[in-house]
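Here is a short briefing for a first look at this structure. It covers confidence, a pair of helices and a sheet.

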Amino acid sequence: MSKSNPRPVDHFDAIVIGSGPGGEGAAMGLTKAGKRVAVIERESTVGGGCTHWGTIPSKALRHTVSRIIEFNQSPIYTQNTKSIHSTFSQILSHADSVIGKQTRLRQGFYDRNQCTLLHGMAEFVDAHTLAVRHPDGSKEHYTADHFVIATGSRPYQPADVDFSHARIYDSDSILSLKHDPRHVIIYGAGVIGSEYASIFRGLGVKVDLINTRDRLLSFLDNEISDALSYHFWNSGVLIRNDETYERIEGTDDGVIVHLASGKKMKADCLLYANGRTGNTDKLNLGAVGLTPDSRGQLSVDDNYSTEVDHIYAVGDVIGYPSLASAAYDQGRVVAEAISQGNANARLIEHIPTGIYTIPEISSVGKTEQELTAEKVPYEVGRSQFKHLARAQIAGMDIGSLKILFHRDTREILGIHCFGERASEIIHIGQAIFEQKGAGNTIDYFVNTTFNYPTMAEAYRVAALNGLNRLF
């Protein structure tokens with residue numbers, strides 16, 4: 001019996017473009033299903049924008065700033081001593097350390113699972129062929145049965161803003177900030193802009209936050225949005241709502257922002273954080289008949305397949321929710337769809353938000369405004385961190401937890417948390433919120449004995465507060 005011809009070395013069952021959370025989730029799922037997989041990464045190390053420019057560095061910076069604030073506000077540590085002062089560039093060293101650890105960890109996943117890593121820029125040649133230009137200038141072609149586009153996104157850069165100017169940054173280039181600004185203008189008060197406003201203000205930098213909308217983070221429950229606005233105001237951040245720029249002028253020693261309303265603002269530097277664009281422009285998608293939208297994003301079906309059946313897309317290139325956590329799960333769904341022909345796994349309907357301002361914000365489920373508009377008879381249970389022993393011990397008494405539940409069925413409808421560790425605290429409630437049928441009830445928090453003292457105890461306090469409103 002003659003041997004069958006082996007597959008050519010440049011052919012794979014699937015090629016994944018991008019090694020961020022979405023690409024990693026797809027690649028790991030496919031290799032564990034026995035598929036021959038290659039991952040193409042344009043940078044010299046894996047991890048994507050999440051590890052190198054977005055989630056990991058910004059949260060590492062936030063952690064360092066939070067500890068500085070905690071130290072400077074503690075009467076124990078600041079007796080007869082000066083306050084700690086660090087510059088943005090100084091605290092970047094912690095972020096660099098975490099990035100290195102994350103990169104080595106993730107590189108190990110690919111090595112252990114025998115997943116081929118190719119470093120270079122990818123572009124489609126035809127429906128089943130990719131050209132990869134390697135850093136040394138060489139170009140090679142690879143073919144595959146399936147492709148997964150997981151190229152992420154980058155900060156949006158409008159053509160009329162000079163990002164080559166030494167004092168004008170986006171959320172990627174701000175990580176190269178070397179000077180010590182005393183005054184920063186942040187244009188865009190979305191999640192990224194709000195997080196960096198917290199970081200800079202925590203370092204004692206004067207912050208002007210320009211919001212192009214009428215309220216901060218308008219997708220949040222109004223009370224949570226108002227709490228963040230008040231906390232910013234109370235810490236000295238100047239917020240200008242409903243403003244857009246007419247012109248951004250770089251000067252020798254800073255930046256002047258000319259607003260459409262006629263106002264002018266001047267600072268040492270500007271962080272432009274207003275929108276992101278999918279990294280699809282260099283993939284030559286026209287060769288396979290795909291056309292991204294104006295924001296570089298691709299449309300997909302429930303299996304994350306594009307209009308071309310064997311080409312999938314996950315993560316920031318498909319838009320909402322643009323979260324690292326969701327991207328990884330999307331990649332796992334794609335791996336199942338490719339290996340089994342269809343995916344049974346699906347993302348949960350209510351993905352929790354995690355916003356790493358100081359203090360944090362996290363929520364899951366419906367807001368009060370949504371429930372009111374839908375005419376759902378809900379009730380509210382609240383607890384304030386300042387009443388919790390653990391928060392008092394830790395000096396983290398700013399914040400609160402709010403549970404929204406149905407008056408008749410007692411089903412939890414939404415949970416909203418503002419305060420330190422909110423992104424961790426939310427998952428306790430999420431676990432009950434996601435239970436089916438009678439498993440989802442606010443009574444769980446009353447009938448369960450919590451460790452004392454803990455932040456989790458906020459759920460018991462909030463549940464009792466809400467149930468006391470029933471009649």
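Contact here means that heavy atoms lie within 4.5 Å of each other. The model is predicted. Its chain has a mean pLDDT of 94.

**Confidence**
- In the chain, 97% of residues reach a pLDDT of 70 or more.
- Where pLDDT is low, the predicted coordinates should not be read in detail.

**Helix 3 and helix 4**
- Helix 3 spans residues 55-73 and helix 4 spans residues 88-112.
- The two pack at an angle of about 130°, and their axes are 8 Å apart.
- That angle makes helix 3 oblique to helix 4.
- The crossing of helix 3 past helix 4 is right-handed.
- Helix 3 brings Ile56, Pro57, Ala60, Leu61, His63, Thr64, Val65 and Ile68 to the contact.
- Helix 4 meets them with Phe88, Ile91, Leu92, His94, Ala95, Val98, Ile99 and Gln102.
- By class, this contact has twelve nonpolar residues, four polar ones and no charged ones.

- Five strands form an open sheet with parallel pairing, in the order 8-15-9-10-11.
- Strand 8 (168-170) and strand 11 (238-240) are the edge strands, each pairing on one side only.
- From one strand to the next, the twist averages 20°.
- Strand 9 (residues 183-187) pairs with strand 10 (residues 206-210) over five bridges.
- Histidine 183 has lysine 206 in strand 10 as its bridge partner.

**Helix 5 on the sheet**
- Helix 5 (residues 191-202) packs on the sheet and touches strand 9, strand 10 and strand 15 (269-272).
- The direction of helix 5 makes about 165° with that of strand 10.

Methods. Residues are numbered from 1 along each chain as its sequence is written. This is a predicted model: local features need pLDDT of at least 70, side-chain atom pairs count only at pLDDT 80 or more; totals for chains, interfaces and linings use all residues. Side-chain values use heavy atoms; hydrogens and water are left out. Axes are lines fitted to C-alpha atoms, for helices over the stretch in contact, and angles run from 0 to 180 degrees between N-to-C directions. Helices (H or I, at least four residues) and strands (E, at least two) are DSSP runs, numbered from the N terminus. Angles under 35 degrees count as roughly parallel, over 145 as roughly antiparallel, 65 to 115 as roughly perpendicular and the rest as oblique. A crossing is left-handed if the near helix is turned anticlockwise from the far one by less than a right angle, and right-handed if clockwise. Ala, Val, Leu, Ile, Met, Phe, Trp, Tyr, Cys and Pro count as nonpolar, Asp, Glu, Lys and Arg as charged, and the others, Gly among them, as polar. pLDDT is the predictor's confidence in each residue, from 0 to 100. Two strands pair if DSSP finds at least two bridges between them.
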